Amino acid sequence: MEKFTVLKGVAAPLMLANVDTDAIIRMERLSRLDRGELGRWAFESLRYLPDGSENPQFLLNQPPWRSATILLAAENFGCGSSRETAVWALWELGVRCVIAPSFGDIFYGNCFQNGLLPVRLPAAEGEAIAAELRSGGREITVDLVEQQVVTASGRAIRFEIEPGRRQALLEGLDAIGVTLTYAADIARFQARDRMRRPWLYPLSD
């Protein structure tokens, strides 16, 4: 998993509430596509017209925002089903951070397992950042080391994040990677336990 430390990039003010995982990636696409093929279909119902052409009204189809690596959204982003593929689709679209007042709980956890940073900021702060972006400031900085978002005008806004999840992102570790950092401790425990309770362990060849 890629490390996340400091990200400076174009931020798109997609200020929609209750964007569910089906809006991010439709279920029927998942039966035919593999990981690595989902980015084209992210936000499909918003991004494309019925004839398959791009919807020019959709923010991410507009030139300033096509290269966005950061999304701003309204409350409850990623609600709905538990599909991890929603995070995969955003990643393949180029998104590395989503800023919103709140997230669907399972989506929030899935972000950390895939190197995508979900940042919770109050709605008023999100709207203020969005206003700056609409008025001409395109890039913001999300600094996980300092736990702050720096707006286009240079204003720094602190955000909170669980220490364990923060550290895992900084080191580029998913749940398995975190577990493997304790490999030596696990091996020592198993060696002691094998001596105490040998009947629990299969005989070696």
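How many helices and strands does the protein chain have? The protein chain has nine helices and seven strands, where helices (H or I, at least four residues) and strands (E, at least two) are DSSP runs numbered from the N terminus. The model is predicted, so local features need pLDDT of at least 70 and side-chain atom pairs count only at pLDDT 80 or more, whereas totals for chains, interfaces and linings use all residues. Residues are numbered from 1 along each chain as its sequence is written, and side-chain values use heavy atoms, with hydrogens and water left out.

Along the principal axes, the C-alpha atoms of the protein chain fill a box of roughly 70 × 45 × 25 Å. Of the 205 residues in the protein chain, 44% are buried; buried denotes under 20% relative accessible area, exposed over 50%, and partly exposed in between, with a 1.4 Å probe and protein chains only. Among contacts (heavy atoms within 4.5 Å) between residues at least 6 apart in sequence, 64% join residues at least 24 apart.

The interior may be considered next. In soluble globular proteins, nonpolar side chains tend to be buried together. A nonpolar core is a set of buried Ala, Val, Leu, Ile, Met, Phe, Trp, Tyr and Cys residues joined through side-chain atoms within 4.5 Å. The largest such core here has 55 residues, of which Phe43, Phe77, Leu90, Ile99, Leu117 and Val142 touch the most other members. When residues up to four places away in sequence are not counted, the residues touched by Leu117 include Cys97, Val98, Phe112, Val142 and Phe159.

Cys97 and Val98 also belong to strand β3 (residues 97-100), from which Cys97 and Ile99 point one way and Val98 and Ala100 the other, all four being buried. Strand β2 (residues 70-72) runs parallel to β3 and is joined to it by three bridges; two strands pair if DSSP finds at least two bridges between them. Val98 in β3 is the bridge partner of Leu71.

Ile25 is placed in the loop between α1 (21-24) and α2 (27-30), and Ile25 is buried because its relative accessible area is 0%. Although Leu38 is 13 residues from Ile25 in sequence, their C-alpha atoms are 7.6 Å apart. Beyond its neighbours within four places in sequence, Ile25 is in contact with several residues, among them Leu38, Trp41, Ala42 and Thr85.

Thr85 lies in helix α4 (residues 85-93). With a relative accessible area of 15%, Thr85 is therefore buried. Its contacts, leaving aside neighbours within four places in sequence, are Ile25, Leu30 and Leu38.
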